[in-house]
Amino acid sequence: MLRLEFEGHEHTNRVKINGQTIGYLPSQTWADMWMSAALPVPADLLRVGYNELSIEAGRVIPDCQVPGNAWDELLFRHVRLERVPTPTPQMPTPVSGGRTMTITVVFDNNAYRPELETAWGFAAVVQRGGQAILFDTGADGRMLLANMAALGFAPADLDVIVLSHEHADHTGGLEAVLKQNPNVTVYLPQAFSTRLKERVVVGARLVEVSGPVEIASGLWSTGPMGDSIIEQGLVVQTASGLTLLTGCAHPGIVAMVRRAREVGKGEMDLVLGGFHLAGASKSTLEGIMADFRELGVARVAPCHCTGEQAITAFAAAYGAQYTRCGVGLVIQRERSIR
Ligand SMILES: [Zn+2]
Ligand SMILES: [Zn+2]
């Protein structure tokens, strides 16, 4: 891990190394002062020899940026790339003995453990060996952090945050988590708003997902899906097959399962999260059950926006393979070592 340090004099935001965004600088209103920032630079982005650093200007400042003259006042000094003495790996190698994959639902509108707080939204923590991934962040930072603490997680434990889609009940807790631990990599669909990318993801490494991507060995994003509400799911390989986590499944739960099978190249074990079927007709639900069977989905744990009727239908269709899902649910699987 290297650290990029510099002082700037201007409205700026996106910082790229060799064409890859490494983060955003804090915005400030025009002021005659130097501000300094430091961003972590993943070593794997750097080439031997020549590297390209680019810093994009932010909003136009009327009194000093006019068309054709936009860069005149953009000043930087002390731009330096520095090796950080104690390297922090982005994704630690799984520790030996960590043979399980654990999913803990840390935010949901359904109760599971009554002492935890519930509110509309969804978030879950996936742990494998030494890695911890937060999938979505619920609607409220305070509540997310309180539930996480009650379930034994600190923001500092997190290595990666994956955001499914840009609805406030999935992104609302992000800022609170990043304030406590900016040393994470945030994976979000490229279609997310600039506002969220610039203002919220400050200091963290940002990865804009434009297609299926392996985040770590045996852990993938489905890639952004859907036409109107763009959403990604998280696929985890286990010894029992693939697990798919969904935020709201706006692109369609069946389409997301199909994509998960393609991306993870395996059989579906479990689908957990919001299935977005509130108000679905009986025949729609029957069709979805049939598709799930055909796609070989062994177990289901629907929650968040699935809808009461759909949850009841899944419970009836899956019997013992249905898991009631809500905040505090913990699911464990044997890890598969590739
Ligand atoms: Zn949604
Ligand atoms: Zn939602």
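Colleague: Which residue stands opposite Ala132 in β9?

Modeller: In this predicted model, the residue that stands opposite Ala132 of β9 is Gln127. The two strands involved, β8 and β9 (residues 131–135), pair in the antiparallel sense, and five bridges link them.

Colleague: What happens at the turn in the hairpin of β8 and β9?

Modeller: Two residues lie between the strands of that hairpin, and Gly129 there takes a positive phi near 55 degrees.

Colleague: And how is strand β7 joined to β8?

Modeller: Strand β7 (residues 100–108) runs antiparallel to β8 and is joined to it by seven bridges; Phe107, for example, has Ala123 in β8 as its bridge partner.

Colleague: How many residues of β8 are buried?

Modeller: Seven of the seven residues of β8 (residues 122–128) are buried, which leaves the strand mostly covered. In a regular strand the side chains alternate between the two faces of the sheet. In β8 both faces are covered, with Phe122, Ala124, Val126 and Arg128 buried on one side and Ala123, Val125 and Gln127 buried on the other.

Colleague: Changing topic, why is β12 described as largely enclosed?

Modeller: Strand β12 (residues 205–209) has four of its five residues buried, so it is largely enclosed by the rest of the structure. It runs parallel to strand β11 (residues 185–189), to which five bridges join it, and within that pairing Glu208 of β12 is the bridge partner of Leu188.

Colleague: What kind of unit do β11, helix α4 and β12 make?

Modeller: Together with helix α4 (residues 194–200), the strands β11 and β12 make a β-α-β unit that is right-handed.

Colleague: Now the six-stranded sheet: what is its order?

Modeller: The order is β13-β14-β15-β16-β17-β18, in an open sheet with mixed pairing. Its edge strands, each of which pairs on one side only, are β13 (213–216) and β18 (299–303), and on average neighbouring strands are turned by 20 degrees against each other, if direction is ignored.

Colleague: Parallel or antiparallel for β17 and β18?

Modeller: Strand β17 (residues 268–274) pairs with β18 in the parallel sense over five bridges, and Leu272 stands opposite Ala301 in β18.

Colleague: Which strands does helix α5 touch?

Modeller: Helix α5 (residues 253–264) packs on the sheet, where it touches β14 (219–221), β15 (234–238), β16 (241–246) and β17, and its direction makes about 135 degrees with that of β16.

Colleague: How far does α5 reach from its first C-alpha to its last?

Modeller: The 12 residues of α5 reach 16 Å from the first C-alpha to the last, which is close to the 16 Å expected at 1.5 Å a residue.

Colleague: Which residues of α5 are buried, then?

Modeller: In α5 the buried residues are Ile253, Met256, Val257, Arg259, Ala260, Val263 and Gly264. Seen down the helix axis, the buried residues of α5 fall within an arc of 165 degrees, so they line one face of the helix. What covers them includes β14, β15, β16 and β17, and also α6 (282–294).

Colleague: And which residue just after α5 has a positive phi?

Modeller: That is Lys265, which comes just after α5 and takes a positive phi of about 45 degrees.

Colleague: Last one, the whole protein: how many helices and strands?

Modeller: The protein has seven helices and 19 strands, and 41% of its 338 residues count as buried. Among contacts in the protein with a separation of 6 or more, 69% are accounted for by residues 24 or more positions apart.

Methods
Residues numbered from 1 in each chain as written. Chains lettered and ligands numbered in written order. Predicted model: local features only at pLDDT ≥ 70, side-chain atom pairs only at ≥ 80, totals over all residues. Pairing = 2+ DSSP bridges. Axes fitted to C-alpha atoms, helices over the stretch in contact; angles between N-to-C directions. Contact = placed C-beta atoms within 7 Å. Buried ≥ 20, exposed ≤ 12 C-beta atoms within 10 Å, placed from the backbone. Expected span 1.5 Å × (residues − 1). Arc of directions from axis to C-beta. Right-handed = clockwise from strand over helix to strand, strands pointing away.
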